Amino acid sequence: MVTIAAIIYEPGNSIRNKTGSWRTFRPILDNNKCVKCENCYIFCPEGAIQEDENGNFKIDYDYCKGCLICMNECPVNAITKVREEK
Amino acid sequence: MQFPREELFAPGHRGCAGCGAAIVARLVLKAAGKDTICVVPTGCLEVMTTPYPETSWRVPWIHVAFENAAAVASGVESAIKALKRKRGKFANKKINVIAIGGDGGTADIGFQALSGAMERGHNILYIMYDNEAYMNTGIQRSSSTPFMAATTTSPAGSKIKGEDRPKKDVAMIMAAHGIPYVATACISYPEDFMRKVKKALSIEGPKFIQVLQPCTTGWGYPPHKTIEIGRLAVETGIFPLYEIENGEFRITYKPSKRKPVKEYIRMQKRYRHLTDEDIERIQRYIDEKCKLLGL
């Protein structure tokens, strides 16, 4: 919908754009090793790593672009990468 | 729970994988909370977060031209003040007005508007996310580009070795305006950065924060090293973290032993033309700068 003065009435509607398809490497978070330091949570440029109701962190692969900052910043190496296959 | 969980910066924006500007926006909104109005001039952050008709912002947001972010932010702030006084709106509510501009929109094009807003004393916070060139249009040099960095308009070759002028110290120029709060920050230190944003918002008057934000495409390094490079910039003394509150200078992070700048420089493609002597020259320059600041 095109509006006058290019007003967007729906805040945060870029969630329609699933950027997960950009990914070359998929980060995999091992919750048994995770020490909940929140490094991956705060450094993720997408906000794709969120806490679930049990207090575990989960990666949202709909939006994760696979930059692997989380893997690089994890102090206990709980995050590993695998190549995305078709 | 160390950090606030409220997510005011939506995913799905078009930033590169490993984008530092997106981290800046996320951290600022986490620190500022939802009673915030953002003013963003043209630049990477604006282009990647709001491809019409989509937006990644869950707070009121306005896009303005390159040169007038600070002017529009002061207008927004004055409008809120007038609405409060004349119509009794937003009673007992504190509304933060934050302008987030890139280094081109702040140090080059938007400089006179920024200087004016700071001098007039509007109650706004201006955040400059510094990626040290015009990254959005294809890595052209800005006045914030550091010495000897190669960009597309200061290419390294047989005649020149990249940028021939040192980096403009915008934070110190802002401090010279005599405003109540000036700080530098880096996305690799999120607690420090968020504390500075919160502190700035609690102060009445114009505030300025310069935040260093490595850029994966412009600086030339693999995307997973964004945070690591930012940390190295601080630990080598290339980008010191300090705050100036009412004229009182204070270093907020002091590396126990400064690392050699070579470590930082050798990780980036924009410095790959440098020889060991050139790095030695940069090291001497940084040493001198750190001595002045007491690092």
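Colleague: How do you know that chain A and chain B are in contact?
Modeller: In this predicted model, 31 residues of chain A are in contact with 30 residues of chain B. Contact here means C-beta atoms within 7 Å. By that cut-off, these residues count as touching.

Colleague: Which helices supply the side of chain A that touches chain B?
Modeller: α1 (39-43) and α2 (69-73) of chain A each supply at least two residues. α2(A) gives the most, with 4 residues.

Colleague: What makes up that side of chain A by class?
Modeller: It has 16 nonpolar, 8 polar and 7 charged residues.

Colleague: Turn to chain B. What is its secondary structure?
Modeller: Chain B comes to 11 helices and 8 strands.

Colleague: Why is chain B called as compact as a globular protein of its length?
Modeller: Its radius of gyration is 19 Å, and the globule rule gives 19 Å for 295 residues. The two values are close, so chain B is as compact as a globular protein of that length. Its C-alpha trace spans about 65 × 45 × 40 Å along the principal axes.

Colleague: What percentage of chain B counts as buried?
Modeller: 53% of its 295 residues. To count, a residue needs 20 or more other C-beta atoms within 10 Å of its own.

Colleague: Which residues have the most contacts inside the largest nonpolar core?
Modeller: That core has 106 residues, and B:Val28, B:Ala73, B:Ile100, B:Ile127, B:Cys186 and B:Val211 have the most contacts inside it. Helix α1 (residues 20-32) of chain B gives the most to this core, with 10 residues.

Colleague: What does B:Ile127 touch?
Modeller: Leaving out residues up to four places away in sequence, B:Ile127 touches B:Val28, B:Ile98, B:Ile100, B:Ile209 and B:Val211.

How values were computed: Residues are numbered from 1 along each chain as its sequence is written. Chains are lettered from A and ligands numbered from 1 in the order in which they are written. This is a predicted model: local features need pLDDT of at least 70, side-chain atom pairs count only at pLDDT 80 or more; totals for chains, interfaces and linings use all residues. Two residues are in contact if their C-beta atoms, placed from the backbone, lie within 7 Å. Ala, Val, Leu, Ile, Met, Phe, Trp, Tyr, Cys and Pro count as nonpolar, Asp, Glu, Lys and Arg as charged, and the others, Gly among them, as polar. The radius of gyration is taken over C-alpha atoms; the globule rule is 2.2 Å times the number of residues to the power 0.38. A residue is buried if 20 or more other C-beta atoms lie within 10 Å of its own, exposed if 12 or fewer, and partly exposed in between; C-beta atoms are placed from the backbone. A nonpolar core is a set of buried Ala, Val, Leu, Ile, Met, Phe, Trp, Tyr and Cys residues joined through C-beta atoms within 7 Å.
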